[in-house]
Structure formats: structure tokens, C-alpha cells
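Let's take a friendly walk through one structure, with strands and aromatic rings as our guides. Have the sequence and the 3D view at hand.

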Amino acid sequence: MTKRIRKLEQIEKLTEINGISLEELNRRCRPIDDNSSDAKWRFRSFEGFISQEEDLKGVLLNDWKIVCQEMGSSHEQIFSILDQIIRETEIKREKENFGPMKSIAITFPTQSFPQFFATDPSKREDSTQDLLIHKQIFNGDQYSPFWNESISKIDDKEVGDEDNLNVKWREEWIIENVYLGIKVKVAKGVLRFVKQLGFYEGGGHRNPYRINPILVASLSSGRVNAKVIKECEEQWKENWRVEEEERSELESELGKMQKDDEAVKWIEGRMSHLDKVIEEKRKEAQFTLKILQERFQYKS
């Protein structure tokens with residue numbers, strides 16, 4: 001029974017994870033529109049752990065190549081950085097008696113990714129990074145797609161085994177580098193998957209729960225390269241995609257209506273509002289892009 005993936009070659013031979021077949025895992029990991037249609041709905045997500053077009057093995061292979069070959073890093077390093085940031089945040093929360101979801105600022109030691117940032121012309125080196133961590137706690141649990149009911153039932157307490165993939169969670173953190181403006185969302189259970197499997201979730205930039213290892217490297221090191229900027233630009237496009245899609249639909253409906261239709265004014269007002277939202281989001285992205293570009297070109 002596979003509970004840990006320790007090397008890239010192991011992925012090619014995978015037939016199951018935690019005793020669940022890859023075929024079933026692919027089904028569980030893809031987005032679900034109606035949870036009443038699947039008896040195993042607890043192990044699924046509306047956003048999906050991978051996209052409809054992806055398969056789990058392909059997602060794993062891609063991220064193993066990105067982290068271990070392109071970045072010259074390891075899943076253990078990415079996990080360790082995120083785990084330590086969250087631990088320091090929660091220690092500060094308890095020590096200073098902050099509320100359960102209050103945003104907390106910490107100063108974090110600068111991390112090193114020498115291979116990945118070898119082409120970064122910046123000579124600037126900061127010993128620490130200023131991070132702001134936002135926390136959210138949900139009422140219901142998200143269950144692991146790797147949950148094996150032959151190991152434990154959904155109502156059982158979590159097994160103490162550190163290799164356990166029968167996990168559920170309701171906490172997530174957004175980690176932001178204050179200077180760079182780069183953010184990464186970290187769901188508690190997905191962090192476990194990073195450590196044991198090198199699984200960051202798939203779905204690309206459309207999945208808000210994917211932990212992008214390239215952005216983790218940037219926000220924890222304070223370094224920027226062309227790849228980081230490209231990842232940020234792709235992620236920002238998703239910030240206003242929903243508004244653009246709604247506006248396009250409204251514009252199509254408007255073209256079918258008579259000018260004296262009572263709904264015309266409402267649609268025109270809604271489109272105007274969406275235009276303002278899109279413009280504000282684009283301005284914020286352009287501002288952050290300018291900072292990243294300046295950092296990339298900085299020379300002491």
C-alpha cells in the first residue's frame with residue numbers, strides 16, 4: 001500500500017495510493033457539480049483536486065519534475081517552509097491571544113533556492129521576509145480524496161500514524177509576502193499531501209487550492225525570476241475571469257432585448273459594476289507586477 005512517494009521513478013509504477021486505485025482516485029479528484037450524485041461525495045471537492053482533463057499520475061509527474069529538476073529543490077523543503085510559517089503564526093496567535101482568524105504578521109528567515117534563482121540578476125539579499133498570514137476556519141470538514149474506509153471510517157478519530165492519508169481538515173491559510181505581493185493558499189490537508197506524495201493539487205491557475213511551489217520559493221526567498229513573473233501573470237488573469245465571463249453572458253443577453261425592456265437598465269448597471277471590478281483588479285495586478293519587475297532588475 002503506497003503512502004509515500006520517495007522518488008520520481010516510483011510514480012511511473014503507481015497503481016494505487018493508500019489502497020485506492022488510480023482509476024478511483026482520478027474520479028474522486030476531478031470536480032463534482034452535484035454531491036448528491038456520488039455516494040463517495042465526502043472525498044470530493046467542487047473545485048476538484050485536479051481538473052476534468054487531468055489525471056493524477058500526470059499531475060504528480062509534472063510537479064516532481066518542476067520541484068526536483070527545474071527548481072533543484074525537494075518536496076520536503078517546500079513542506080518544511082510552509083509548515084514552519086504556519087507553526088510560527090499559530091504560536092504567535094496563542095502567545096498574544098489573537099482571535100482564531102485574525103491576520104498575523106511574522107518575520108521569517110529568508111530561504112534559499114540557488115539553482116532556481118541562478119538567473120536572477122538581483123543582488124539584493126535580505127536576511128528575513130515580512131509575511132502576512134490570513135487564516136480561515138470552515139464549519140464543515142474537507143475529506144482526503146485518498147481516504148480508505150477499510151483503514152478507518154469517516155467518523156473515526158484520525159490515526160496517529162504520520163504516514164496516515166485518512167485526514168480531514170477545515171483550516172486554510174493565505175501566506176503573503178508583503179513586499180512582493182505574492183500569495184499562496186495552503187489548506188491543511190494538502191500540506192500533508194505535499195510532504196508524503198509531492199501532490200500540490202492540479203487544475204493549474206484555475207484551482208485556488210493548488211499550492212504553487214514556484215510561488216512558495218519566491219515568497220520565502222524574496223527572489224524573483226522570469227518564471228515567477230509568468231506564474232503571477234497567469235494567476236492574476238484568474239482573478240477577474242469570473243467577472244469577464246459574467247459580463248460576456250450579460251452582453252449577449254442584452255443584444256437579444258428590446259430597448260424598453262425593464263431588465264435592460266439592470267443589466268447595463270451590472271455590466272458597469274463588473275467593468276469597475278475588473279479594472280480595479282487589473283490595476284492591483286499591474287502595481288504588483290511593477291514591484292516584481294523592479295525586484296527582478298534590482299542591482300546593488
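The report below looks at strand pairing, then at ring pairs, then at charges over rings.

## A strand and its two partners

Please keep in mind that this is a predicted model.

One partner of β5 is strand β4, which spans residues 128-143. The two run in the antiparallel sense and are joined by nine bridges. If you want a residue to look for, find Y143, which stands opposite K168 of β5.

## Aromatic pairs

How many aromatic pairs does the structure hold? There are eight aromatic pairs. One of them joins F43 and Y143: the ring centres are 6.2 Å apart and the planes meet at 75°, so this pair is edge-to-face. F43 sits in the loop between α2 (22-29) and α3 (56-70), while Y143 belongs to strand β4, so the contact ties together parts that are 100 residues apart in sequence. Both F43 and Y143 are buried.

A further pair brings us back to β5. The rings of W169 and F193 have centres 5.8 Å apart and planes at 75°, so this pair is edge-to-face. W169 is in strand β5 and F193 is in helix α5 (residues 188-197), so the pair ties together parts that are 24 residues apart in sequence. W169 and F193 are both buried. They also belong to a cluster, in which ring pairs link F146, W169, F193 and F199.

## Charges over rings

Two lysines deserve a look too. K102 places its charged end over the ring of F98, at 5.5 Å from the ring centre. For K185, the ring is that of Y209: the lysine lies over its face, 4.6 Å from the ring centre.

Then turn to Y143, which stands opposite K168 and forms an edge-to-face pair with F43. Finish at W169, whose cluster includes F146 and F199.

Technical notes: Residues numbered from 1 in each chain as written. Predicted model: local features only at pLDDT ≥ 70, side-chain atom pairs only at ≥ 80, totals over all residues. Heavy atoms only, no water. Pairing = 2+ DSSP bridges. Helix = DSSP H or I, 4+ residues; strand = E, 2+ residues; numbered from the N terminus. Phe/Tyr/Trp six-rings, centres within 6.5 Å; stacked < 30°, edge-to-face > 60°. Buried < 20%, exposed > 50% of the residue type's maximum accessible area, 1.4 Å probe, protein only. Lys NZ or Arg CZ within 6 Å of the ring centre and 35° of its normal.
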